[in-house]
Amino acid sequence: MNAPLRKAEAAPGLDEALVEVRNLTVDFLGGRKPVRAVGGVDFDLRAGDALALLGESGSGKSVTLRALMRLLPEARTRIGGQLRVDGHDVLGLGRRALAAYRGGTVAMIFQDPGLALDPVYRIGDQIAEAVVRHEGVSHAKGRARALELFERVHIPSPARRLDAFPHEMSGGMRQRAMIALALACRPKLLLADEPTTALDATVQIQILLLLRELQRDLGLAVIFVTHDVGVAVQVADRVAVMYGGHLVEVGSSGEVIGAPAHPYTRGLLASRITPESPKGIRLATIPGSPPDLSDPPPGCPFEPRCALAIPGCRDGLPTRVPVAPGHAARCIRIGEAA
Amino acid sequence: MSGTAEPTRGAAPPAGGTDPRDRGGPAQPLLAVDGLVKHFASKGGLFGKGPVVRAVDGVDFAIAKGETLGVVGESGCGKSTTARLLMQINRPDRGDIVFDGELLGSRALDLKSYRRQVQMVFQDSYASLNPRLTVEESVAFGPRAHGLSGSAALARAHDLLRRVGLEPRRFGGRYPHEISGGQRQRVNIARALALEPRLLILDEAVSALDKSVEAQVLNLLADLKREFGLTYMFISHDLNVVRFMSDRVMVMYLGRIAEIGPADAILAAPRHPYTAALLASQPSTDPDARLDEAPLTGDPPNPINPPPGCRFHTRCRFAAEVCRTREPALDPVAPAHFAACHMAVPGSGHPDAPQLPMAA
């Protein structure tokens with residue numbers, strides 16, 4: 001995982017990472033003490049792959065996603081480390097390059113389509129505008145692309161729906177329209193910040209299937225932030241578990257969910273209710289609460305709550321310990337006779 | 001983490017012996033609802049009223065003493081409106097609410113004494129608390145309004161905060177924005193219990209919480225139910241949680257009951273295709289059990305203009321001619337298990353319905 005960063009000019013080949021995140025740190029300033037929301041995150045993502053960032057509130061998953069798109073308020077945030085997406089040094093992009101990067105290389109969808117769609121413009125025109133802006137084509141060409149995109153995301157009667165305003169659409173339709181808008185300029189990486197959390201389960205599964213289809217058909221790389229293990233498994237082949245601003249465990253979804261190695265992942269999975277949970281049992285819980293990120297613990301972020309903690313856990317952040325091929329966790333107690 | 005608790009299923013009598021407020025004994029439902037209807041006038045254009053939203057459109061059910069009734073359904077199915085009608089936040093257009101044998105609004109049961117016995121916890125833990133009151137003031141507010149002295153109300157608040165796992169000396173003086181979402185929901189639960197209610201309506205009360213916090217709050221709800229002999233109406237979109245918490249489950253669709261019956265039976269072998277589709281839509285955590293096709297297409301239809309016949313027929317893969325024309329009644333399909341589906345009723349005219357026994 002310590003591969004040297006490549007030079008910007010070469011387009012990434014098949015085996016090379018589309019996204020390289022190295023020691024990403026994000027500090028929020030402006031409060032009494034800076035808050036270290038992301039404490040040094042590393043991961044790679046190849047073109048066309050899907051990764052789920054799984055974590056609870058305050059784990060840093062959304063902040064990591066926003067850093068990739070440079071959406072964090074610059075005056076109040078300090079970002080450290082290196083972010084490279086499709087050859088772009090994301091943290092070094094100037095204003096114009098950033099505008100082309102957003103939408104052209106990376107696009108984002110949100111939990112609330114209201115954040116992405118302008119309520120006073122017809123949706124077809126919003127998509128057309130993005131296409132005109134990025135590709136310099138005529139408005140008519142932009143509208144044609146919008147129609148194509150509406151068909152792509154399976155919006156029924158797409159031609160008629162292009163003239164709809166966002167409020168005239170149902171929740172699931174708005175979510176599809178937002179995905180169409182995100183795809184308008186043919187991005188290579190789609191960032192999804194809990195896009196299905198507010199939807200009914202019956203609609204959520206439709207959107208998850210759509211995202212998988214787009215990933216497969218368009219070769220789109222996807223980073224999907226969620227707090228829901230089931231959603232992570234449905235949409236991604238690899239899962240990265242975040243806790244206290246760190247990636248504590250990364251691996252294939254089958255490995256991480258089926259054979260979790262980190263005590264936090266184990267605790268999180270054990271507290272879930274499954275169709276097999278016997279009724280009336282006491283649910284397992286993780287004692288305590290997540291760390292105060294304005295005063296993070298010196299060592300493993302989970303140490304204060306961990307049943308397996310030993311004094312050595314306070315001596316700095318644990319390194320990544322391989323568990324199985326492609327599966328690693330930051331815990332010094334892995335490998336000991338458990 | 002502690003040992004296995006006593007199962008909380010069944011309409012077991014409250015642990016503290018018989019409740020002095022109990023009137024009809026264990027066989028009489030704590031709450032019975034008959035013909036509940038609520039239509040909202042939606043905003044029209046410039047002139048006059050718009051169409052009517054049929055939020056709750058004729059609902060009958062009962063909740064036994066000590067049981068937990070789970071309620072599931074998509075948005076717009078009427079589950080939250082039903083809860084708000086029970087709580088009398090909105091007044092029903094039609095229908096009777098009978099609480100332990102007494103009709104709400106009759107001389108025997110006025111609104112104030114009913115509300116003391118029925119309390120509700122909402123999804124949004126922050127919006128449900130007054131930001132200008134400390135936690136202990138919020139919990140003590142109800143008892144004081146119902147006539148307890150200030151010091152007695154505060155003592156009760158402290159006692160309840162302790163019961164929900166919040167040390168009163170540490171948390172009592174804090175404001176809602178100074179505590180976490182899970183802690184706020186504990187405060188809301190303490191406040192709901194402050195009037196010693198018998199029925200607690202939990203409307204997506206754990207849905208906004210992180211999973212590890214949700215488990216803590218569900219454990220707490222199980223403890224409180226046993227300790228105070230409570231009855232729960234548990235509304236949630238998470239079918240796994242509903243199955244785990246509930247003795248019976250009620251499935252709603254577009255303002256009507258689609259299916260109601262024992263939780264295990266309904267979720268193991270649903271008799272209404274809508275229940276089956278809801279179940280199949282829950283994302284599985286098994287990577288080998290990923291879905292390739294959505295169980296239902298499209299969004300839930302609008303309750304402004306529910307389809308004729310069976311309301312589900314527009315999305316039902318089994319829909320036949322009879323489904324488009326005749327609305328199925330909520331008929332028994334097994335002991336204590338009812339479904340409103342033509343396929344479940346012999347002789348309904350649906351090709352997949354069981355055959356009527358032939359006359360010899």
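Reader: What share of the contacts in chain A with a separation of 6 or more comes from residues 24 or more positions apart?

Author: Residues 24 or more positions apart account for 62% of those contacts, where two residues are in contact if their C-beta atoms, placed from the backbone, lie within 7 Å. This is a predicted model, in which local features need pLDDT of at least 70 and side-chain atom pairs count only at pLDDT 80 or more, while totals for chains, interfaces and linings use all residues. Residues are numbered from 1 along each chain as its sequence is written, and chains are lettered from A and ligands numbered from 1 in the order in which they are written.

Reader: Why is chain A called as compact as a globular protein of its length?

Author: Its radius of gyration, taken over C-alpha atoms, is set against a globule rule of 2.2 Å times the number of residues to the power 0.38. The value for chain A is 21 Å, close to the 20 Å that the rule gives for 338 residues, so the chain is as compact as a globular protein of that length. Along its principal axes, the C-alpha trace of chain A spans about 65 × 50 × 45 Å.

Reader: Why is B:Leu86 called buried?

Author: A residue is buried if 20 or more other C-beta atoms lie within 10 Å of its own, exposed if 12 or fewer, and partly exposed in between. B:Leu86 has 23 other C-beta atoms within 10 Å, and therefore counts as buried. This residue is found in helix α1 (residues 79-86) of chain B, and, leaving aside residues up to four places away in sequence, B:Leu86 touches B:Ile97, B:Val118 and B:Ile201. In chain A, 48% of the 338 residues count as buried.

Reader: What makes a set of residues a nonpolar core, and which members of the largest one touch the most others?

Author: Such a core is a set of buried Ala, Val, Leu, Ile, Met, Phe, Trp, Tyr and Cys residues joined through C-beta atoms within 7 Å. The largest has 187 residues, of which A:Ile127, A:Leu181, A:Val241 and B:Met233 touch the most other members. It draws at least three residues from each of domain 1 (114-186) and domain 2 (262-329) of chain A, bounds that come from an automatic or database domain assignment. The C-alpha centres of these two domains lie 42 Å apart.

Reader: Which element gives the largest share of the side of chain A that touches chain B?

Author: That share, six residues, comes from α7(A), in a contact that takes 39 residues from chain A and 37 residues from chain B.

Methods. Helices (H or I, at least four residues) and strands (E, at least two) are DSSP runs, numbered from the N terminus.
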